[in-house]
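Work through the exercises below with the sequence and the model side by side. Try each task before reading its solution.

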Amino acid sequence: MPEEAKKQDEAKKAPEALEKPTNCMKCNKRLKRKSRYYKNNGYYCSKGCWQQAVKAAAAKKEKKA
């Protein structure tokens, strides 16, 4: 019986909320709600930072190969 009660309690719990990002993934600037840019599962402060991150990732991938 106690095992069934634990399962029911776990099912009733709400899923954990995801943390909202506070800084740009490229330049580490503080993100404002109005100006954040979401692309490829990441938040950036602008389109320019996102493009720089893509270029850096491509260069890193090229080095490995």
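## Exercise 1: The nonpolar core

The largest nonpolar core has seven residues: Cys24, Leu31, Tyr44, Cys45, Cys49, Trp50 and Ala53. Such a core is a set of buried Ala, Val, Leu, Ile, Met, Phe, Trp, Tyr and Cys residues joined through side-chain atoms within 4.5 Å. Buried means under 20% relative accessible area, exposed means over 50%, and partly exposed lies in between (1.4 Å probe, protein chains only).

This is a predicted model: local features need pLDDT of at least 70, side-chain atom pairs count only at pLDDT 80 or more, and totals for chains, interfaces and linings use all residues. Residues are numbered from 1 along each chain as its sequence is written, and side-chain values use heavy atoms, with hydrogens and water left out.

**Task.** Find which element gives the most to this core, then list what leucine 31 is in contact with.

**Solution.** 

1. Helix 2 gives the most, with three residues. Helices (H or I, at least four residues) and strands (E, at least two) are DSSP runs, numbered from the N terminus.
2. Now take leucine 31, and leave aside its neighbours within four places in sequence. Contact means heavy atoms within 4.5 Å.
3. Leucine 31 then contacts Pro21, Thr22, Asn23, Cys24, Arg36, Tyr43, Tyr44 and Cys45.
4. For background, nonpolar side chains tend to be buried together in soluble globular proteins.

## Exercise 2: The fold in outline

**Task.** State the pattern that the protein follows along the sequence, and what share of its residues is buried.

**Solution.** 

1. Count the elements: there are two helices and two strands.
2. Read along the sequence, they give α-β-β-α.
3. Buried residues make up 12% of the 65 residues.
4. Among contacts with a separation of 6 or more, residues 24 or more positions apart account for 10%.
5. Alanine 56 is in helix 2 and is partly exposed, at 36% relative accessibility.

## Exercise 3: Aromatic pairs

**Task.** How many aromatic pairs does the model hold? Classify each one.

**Solution.** 

1. Apply the rule. Rings of Phe, Tyr and Trp (its six-membered ring) pair if their centres lie within 6.5 Å; planes under 30 degrees apart count as stacked, over 60 as edge-to-face, and the rest as tilted.
2. The count comes to two aromatic pairs.
3. Tyrosine 37 and tryptophan 50 form a tilted pair, 6.2 Å centre to centre with 55° between the planes.
4. Tyrosine 37 lies in strand 1 (residues 37-39) and tryptophan 50 in helix 2 (residues 47-64), so this pair ties together parts 13 residues apart in sequence. Their C-alpha atoms are separated by 8.1 Å.
5. Tyrosine 37 is partly exposed at 23% relative accessibility, whereas tryptophan 50 is buried at 16%.
6. The rings of tyrosine 38 and tyrosine 43 have centres 4.8 Å apart and planes at 50°, so that pair is tilted. Tyrosine 38 is partly exposed at 45%; tyrosine 43 is partly exposed at 26%.
7. Look again at tryptophan 50. Lysine 39 lies over its face, 5.3 Å from the ring centre. The criterion is NZ of Lys or CZ of Arg within 6 Å of the ring centre and within 35 degrees of the ring normal.

## Exercise 4: Cysteines

**Task.** How many disulfides does a search of the whole structure find?

**Solution.** 

1. The cut-off is a pair of cysteine sulfur atoms within 2.5 Å.
2. The search finds zero disulfides.
3. For cysteine 24, the nearest cysteine sulfur is that of cysteine 27, 3.6 Å away. Cysteine 24 is buried, at 3% relative accessibility.
4. For cysteine 49, the nearest is that of cysteine 45, 3.5 Å away. Cysteine 49 is buried too, at 8%.

## Exercise 5: The loop between the strands

**Task.** Where is asparagine 40 found, and is it buried or exposed?

**Solution.** 

1. Asparagine 40 is in the loop between strand 1 and strand 2 (42-44).
2. Asparagine 40 is exposed at 59% relative accessible area, and asparagine 41 is exposed at 68%.
3. Check the backbone. Phi is near 50° for asparagine 40 and near 60° for asparagine 41.
4. Most residues other than glycine have a negative phi.
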